[in-house]
Amino acid sequence: MNKISLIGLETDKEQIIESLMKMGIVEITNIEQKGSEEEWVQFVAKDGDEGEVSRIEADISRVRSALDYLVRYDTRKKGLFEPKRKISRDQFNRIVHNENSIWHAVDQISHYTEQLSSLRSEENRLLNLIATLEPWKSLAVPVDTTSTRFTTVSLGVVPAIVDTEKLKQDLYEQVPESYLDVINADKDQSYLFVIYYSSLEEEAMKVLKTYGFTKVTFKDLEGTIEENILKAANEIKDIEAEREKVERNIAALANEKDNLEVLHDYLMVQRDRKKALSRMVKTDKVFMLEGWLPEESGEKVRDYITQQWDCIVDIQKPDKEEEYPVLLRNHSLVQPFELITELYSLPSSKGIDPNLFMAPFYFVFFGLMVSDAGYGLVMALITGIILARYKLEGLAHKLIKLLFLGGISTFIWGVMFGGWFGDILPVITQGAFSIPPLWFNPLEDPMRLLTWAFIFGAIHLYTGMALQAYKFIRDGKWLDALFDVGFWYIFLTGFPLWILGGTIGTIGKYMVIAGAVLLVLTQGRTQQGIVKKLLSGVLSLYNVTGFLSDVLSYSRLLALGLATGVIATVINTMGSLFGFNIVGIIILIIVFIGGHTFNILINALGAYVHSSRLQYVEFFGKFYEGGGKAFEPLKINTKYIQLDDKEAI
């Protein structure tokens, strides 16, 4: 990355910003407050209009809400991986030119959605009312009858555990001039109708409250309960008819969806442009911006801008200790593996892009964990068709291509181990035919696979250590590379050689001894005093346990590889239990498709997760510096359309 500073005329600002957006290779940064020695600082002001940005954000929200409603009524089918709709600049301008008519459609949709919301609220109120009235349905007395000349009428409920017969008996004993009827009862409560002389209300309520009686009133209702339920049901039918009418009106606007998508993306571009202005400073006549751009694009950008407008463009390399945004750039075969790094953390600008070194290991580990040629073919074919048919971008493209490469690796390891949908060929041919492994069958010799898993793990870890040595050498720390990596190579390599025995074992033993001595003498070099230096050096040897623990982590290659094969074998066995008659064959086909589909999905997910874990914990832990900030250039970001309008530079 290089730094770019640009000073131009205020009258040319909008055109320059638009041109930079079309280029899409310049990240505009906030201009930091300059030191007091910069006399020009007092003559500039912050550019941009936060209020305008907020207004545009509100407009985007309105259009997005309208689109969300229209999607439900758009009968056109859109595939899962359907690319953005391409549109020319002329088409874009024609649609935006009719902005007022599009906003009219937005307002109509907003009005209709408010109607739907109001109708939905009223419908919910009526449904709740019916639910409340339903237990009282058998009550024949009008609900607005609360008293007569001499009596009081009360409706209420008591808990279901109350013995209503005892309640009635107590009420009649203490208030003989009363009447109680149980209208209904459910698992929660009993519904009571009570009449008593108004002059005896205190005595009656005393008895009722002893049993937990709670009054129930129905305000604003007239007539019987059944009449009110029928009335509410008729009102709900009217609401449903009105809602259908409103929904037809919204559906009639579905043909505006394409125009709304263009308006939405137009507003997004306008918002991003306004946001960019807020990172700049200006005077009455000129403006200034600062930012970052890829080094190879610097001169092209400078020449293009200065040829079009009268302005000053200064491009410089960043200072030695200055952090700058990170843009990963790798071969097309390596790019899918950038997804793994991005999910963890981008490398710092002073670090190393690990993807070139990580990609081969991830490729090998993923396939080794699934290791079935049939599964690999299925994965590669499905993802290959998606890649060929759809022009995916960004995260989706990287993920599908990663799975495509994982499918190829899975196929290769499946051929090596002899797995073709488990043991389906011997099962359906009753042992008459099988495809032997090119290498060996892990189900028959798991210890062999475990040994190779540890070997692959050691190579993986050694590569991480080598990258740490490279960083030391790059920074001029040659002795650190020798002491902190080279001596560990000697010490760690000696152990497996020692175990082999013989002449090689003797060499390994002396390597371990020599490595240990060298580590004791060098690992405490930053300490003060000879005793602390030697003690720190001795304690550093304990780190060998961490390395061995890391190597043991690669046993997951064996575990997941065996799990795939074992589950596949169980699926085939279950499918063949009913023999090879017509019914048995049908069952075998159903079990085969369902079982192996599940096995592919669960084991591909496991391979993705555990292969990533080996990179994050074991590999990255040896050298990686994360915390990088992604390069985010000012460009035309759209959600629905792809605008074919790039600056040629």
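## A buried lysine and its partner

Lys398 is buried in this predicted model, its relative accessible area being 16%, a value that falls under the 20% limit for that class. Its side chain takes part in a salt bridge with Glu342, and the closest N and O atoms of this pair lie 2.8 Å apart.

Arg525 and Asp484 form a salt bridge in which the closest N and O atoms are 2.9 Å apart. This pair also links distant parts of the chain, 41 residues apart: Arg525 is in the loop between helix 17 (502-522) and helix 18 (530-540), whereas Asp484 is in helix 16 (residues 478-500). Both partners count as partly exposed, Arg525 with a relative accessible area of 26% and Asp484 at 25% relative accessibility.

Side chains of opposite charge can pair when their charged atoms come close. Arg62 and Asp59 meet in a salt bridge with an N to O distance of 3.8 Å, which is within the 4 Å cut-off for such a contact. Because they are three residues apart in helix 2 (residues 50-71), Arg62 and Asp59 are separated by about one helical turn. Asp59 is buried, with a relative accessible area of 11%, while Arg62 is partly exposed at 36% relative accessibility.

Arg62 and Asp59 also belong to a network of salt bridges that links them with Glu52, Arg55 and Asp107. For the model as a whole, the count comes to 32 salt bridges.

## The second largest pocket

Helix 16, which holds Asp484, also gives the most to the lining of the second largest pocket, contributing seven residues. This pocket has a volume of about 510 Å³ and is lined by 16 residues, of which Ala458, Leu492, Phe495, Pro496 and Val551 lie nearest its centre. Helix 15 (446-474), helix 16 and helix 19 (543-552) are the elements that give two or more residues to this lining.

By class, the lining of the second largest pocket consists of 14 nonpolar and two polar residues, with no charged residues.

Definitions and conventions: Residues are numbered from 1 along each chain as its sequence is written. This is a predicted model: local features need pLDDT of at least 70, side-chain atom pairs count only at pLDDT 80 or more; totals for chains, interfaces and linings use all residues. Side-chain values use heavy atoms; hydrogens and water are left out. Helices (H or I, at least four residues) and strands (E, at least two) are DSSP runs, numbered from the N terminus. Buried means under 20% relative accessible area, exposed over 50%, partly exposed in between (1.4 Å probe, protein chains only). On a 1 Å grid over the protein atoms alone, a cavity is a set of points where a 1.4 Å probe fits but cannot get out, and a pocket is an open set with protein on both sides within 12 Å along at least five of seven lines; lining residues have an atom within 4 Å of a point. Grid points are joined across faces, edges and corners, and a volume is the space filled by probe spheres set on the points. Ala, Val, Leu, Ile, Met, Phe, Trp, Tyr, Cys and Pro count as nonpolar, Asp, Glu, Lys and Arg as charged, and the others, Gly among them, as polar.
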